Every structure is written in structure tokens, then in C-alpha cells.
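Please keep the sequence and the model in view while reading.

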Amino acid sequence: SIDCKGGGEAVGAAVNDLIREYRREDLTVWGSMSRESHRKIRALNPDVPCFYSATEVLAIYLWWLCGCLFCCPLPSEIF
């Protein structure tokens, strides 16, 4: 599990290069609590599963409270 904090695209690209170099796509889960960083990371390598960002968790919880979770798109793989 990798949480990419700060550093912008350079950190995400470096981590992605390491994941690809050592062929760890199927064993690694990554993401970021920041919504923007999380979107960039997901775009870098869609083959690596992502965990939900803090904003996505809150949105899913609100959908669940309203009873409308079945309407909510679930973009990430790991909750």
C-alpha cells in the first residue's frame, strides 16, 4: 500500500516507474488522500488498484445514509 503525499507528478511518476520496473502492478495498492493527487495517480497507471480518497469515502458514506448507494459510481478497487 502506497500513499503518495505531496511532491506532485514527479513523485507519482517515480513511484510508477518503480512499480513497473519490479513488475508489482498486481501486488501494489496506491492512491492519495488528496483528491487531485489521487486522480493524477489513477491516470498514471490504471493497472494498479487504487484505494479511495478521503473525499470519495465521505461521498460514499453520504450516499449510503441517503439510501442511494446503488446510484453511486464506485471508481476505485480497494475500500
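What percentage of the 79 residues in the chain is buried? In this predicted model, buried residues account for 28% of the 79 residues.

**Overall outline**

The chain contains 3 helices and 2 strands, and reading along the sequence gives the order β-α-β-α-α. Taken along the principal axes, its C-alpha atoms fill a box of roughly 45 × 25 × 15 Å. When contacts between residues at least 6 apart in sequence are considered, 41% of them join residues at least 24 apart. The chain exposes about 5,400 Å², and 61% of that area is supplied by carbon and sulfur atoms. As for charge, there are 8 positive and 10 negative charges in the chain, and their mean positions lie 3 Å apart.

**The nonpolar core**

In soluble globular proteins, nonpolar side chains tend to be buried together. The largest nonpolar core here has 7 residues, namely Cys-4, Val-15, Ile-19, Trp-30, Ile-41, Val-48 and Cys-50. Val-48, a member of that core, touches Ile-19, Glu-25, Thr-28, Trp-30 and Glu-77 when residues up to four places away in sequence are not counted.

**The salt bridges**

| Acidic residue | Basic residue | N to O distance |
| Glu-36 | Arg-39 | 3.8 Å |
| Glu-56 | Arg-42 | 3.5 Å |

In the pair formed by Glu-36 and Arg-39, the two residues are separated by about one helical turn, because they are 3 residues apart in helix α2, which covers residues 35-44. Glu-36 counts as partly exposed, with a relative accessibility of 49%, and Arg-39 is likewise partly exposed, with a relative accessible area of 45%.

The side chains of Glu-56 and Arg-42 also meet in a salt bridge. This pair links distant parts of the chain, since Glu-56 belongs to helix α3 (residues 54-66) and Arg-42 to helix α2, with the two residues 14 apart. Is Glu-56 buried or exposed? Its relative accessible area is 16%, and Glu-56 is therefore buried, given that the cut-off for buried is under 20%. Arg-42, by contrast, has a relative accessible area of 24% and is partly exposed.

Terms used:
Residues are numbered from 1 along each chain as its sequence is written. This is a predicted model: local features need pLDDT of at least 70, side-chain atom pairs count only at pLDDT 80 or more; totals for chains, interfaces and linings use all residues. Side-chain values use heavy atoms; hydrogens and water are left out. Helices (H or I, at least four residues) and strands (E, at least two) are DSSP runs, numbered from the N terminus. Buried means under 20% relative accessible area, exposed over 50%, partly exposed in between (1.4 Å probe, protein chains only). Contact means heavy atoms within 4.5 Å. Accessible areas come from the Shrake-Rupley method with a 1.4 Å probe; for residues, only the protein chains shown count as cover. Lys and Arg count as positive and Asp and Glu as negative; His and the chain ends are not counted. The place of a charge is taken as NZ of Lys, CZ of Arg, CG of Asp or CD of Glu. A nonpolar core is a set of buried Ala, Val, Leu, Ile, Met, Phe, Trp, Tyr and Cys residues joined through side-chain atoms within 4.5 Å. A salt bridge is a side-chain nitrogen of Lys or Arg within 4 Å of a carboxyl oxygen of Asp or Glu.
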